[in-house]
Amino acid sequence: MPESPRKAVPMDSITTTSEPFPFDNSYARELEGFYVPWQGEEFVHPQLEIFNEELAAMLGLSLDLEKDQLAAFFAGSDMPKGAAPLAQVYAGHQFGGFSPQLGDGRALLMGEVVTPAGKRFDIHLKGSGPTPFSRGGDGKAALGPVLREYLMGEAMHALGVPTTRALAAVTTGERIMRTRLKPGAVLARVASSHLRVGTFQFFAARGEWDKVRQLADYAIERHYPDLAKRDDAYLAFLAAVSKRQAELIAHWMQVGFVHGVMNTDNMTISGETIDYGPCAFMDAFDLNTVFSSIDHHGRYAYGNQPVMGRWNLTRLAETLIPLIDPDNETEAINQATDVLADFVSDHKQAWLTGMGQKIGLSGIAQGDDALIKHLFDAMAADRVDFTSCFRALAVFLRGDQGPLTALFADQSRLNDWLERWQRRLEEDARPKVDIAMEMDRINPLYIPRNHLVEAALERAEEEMDLTDFKRLLSMVTNPFNRQAGKEAFEGPAPAEFGPHITYCGT
Ligand code: AMP
Ligand code: MG
């Protein structure tokens, strides 16, 4: 753990104002030694660009604060009373290589709030200035990546995928150096916690097993309280995290999402999607789709995500071995190995059920796996737009093959599949219009299309104009119902747009 010579401050000296947020900071209270108390930079002119009032209300935050006050809070320059801002320490495997010392290098956990409904959430700031974990970085974030994370989190939430959510985006008033000067910004995001696989790795790599146990006990209490009293609590904990991740990644696959940086420091214990960097939604169906400019070998390609999920969970398992059976390492390894084998079947089950629903199946029967793969083969061969295809299937069930025909180059391959699919649907004996309606409830029409995201972010960064961004946000947060006159938000980019790449480290 690095020293915190410059700005470490005792908790009680942190600037406080009124008491507008219902804080209860269990991480700060119970996990001393797992963080450094810290403060954000004092930005001279923070400005609230976008604020998620609906989420703020759900969290029980006071809604009658001045805009300037909210801007100062969410920039990290001022703290609401009861906050206990801190930088969390963690390690992580990044693209396969282990970094023993990462941590919040440009982020702060402001504190945890307990909502009126009794749920606990972290409020976390990203881009709030350097910390002892900055490793030479500037501790800042540019407006574009902040808005991308805002949009992606809210879009994924609207699609029903567990995720961090976006509470606010603030510009800091300063310009920061990236490929060129860009407006600096801070994202305030919300998660059920920021415990990562990498948090466990940090202490395990140092052989600090008491701390690993303390962390595991805390994580169990916070996310899997039913397991706390079991004799095999740590093994059950591994199984529970594994199951949530298996289901989460299946969910990503179902909406065509590519995370892009599935490093172990970007994998949560809660099972929420976290750290939207070089991520994107796939347009043309292709298992090899990669969006990150530095992912040369396709480690985190669309189709490789389940494999990498399991790889990451194996790293978590390694940190838990001494807890699973302190006296018999071989036995602990065998038990953990069995749990990790379940990841494959859990994921397969979630994948099949979800993909089955996308093509209107109310349950999974023998042969459905092959039926789904047959469709994906046909889609891959013609590079069919992933999102449009499932909506076009519902249109087909309503009697119009036009939109589907337009997506496929090879009609005979499509027709082979359609015959097979229709035979399968007849087994369910439900009216086709009902099936179509159900499909439209889970297959989105509006996703964050890469070309629209890029255009909206560029306009925001270049002209400080968030009009396009806000319009896109309103579309992707209501993804299932067609809106008149919004055709431009439906399909992929025209071919001349070229391949899409997003960049890390922003
Ligand atoms: P990420 O790739 O965003 O998941 O970040 C990996 C690690 O790098 C984390 O520990 C971050 O806090 C740190 N990091 C990323 N960008 C910066 C930055 N601009 N300044 C300081 N630390 C950073
Ligand atoms: Mg990260």
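Let's start with strand 9, where A168 is the bridge partner of F51. Strands here are DSSP runs (E, at least two residues), helices are H or I runs of at least four, and both are numbered from the N terminus.

This is a predicted model, so to speak: local features need pLDDT of at least 70, side-chain atom pairs count only at pLDDT 80 or more, and totals for chains, interfaces and linings use all residues. Residues are numbered from 1 along each chain as its sequence is written, chains are lettered from A and ligands numbered from 1 in written order, and side-chain values use heavy atoms, leaving out hydrogens and water.

Back to the strands: strand 2 (residues 47–51) and strand 9 (residues 165–177) pair in the antiparallel sense over four bridges, with pairing taken as at least two DSSP bridges. Four of the five residues in strand 2 are buried (under 20% relative accessible area, 1.4 Å probe, protein chains only).

Now for the helices. The axes of helix 4 (residues 143–158) and helix 16 (residues 467–476) come within 9 Å and cross at roughly 20 degrees, so the two are roughly parallel (an angle under 35 degrees). Helix 4 brings L147, Y150, L151, E154, A155 and A158 to the contact, and helix 16 brings F469, L472, L473 and V476 (heavy atoms within 4.5 Å).

Conventions:
Buried means under 20% relative accessible area, exposed over 50%, partly exposed in between (1.4 Å probe, protein chains only). Axes are lines fitted to C-alpha atoms, for helices over the stretch in contact, and angles run from 0 to 180 degrees between N-to-C directions. Angles under 35 degrees count as roughly parallel, over 145 as roughly antiparallel, 65 to 115 as roughly perpendicular and the rest as oblique.
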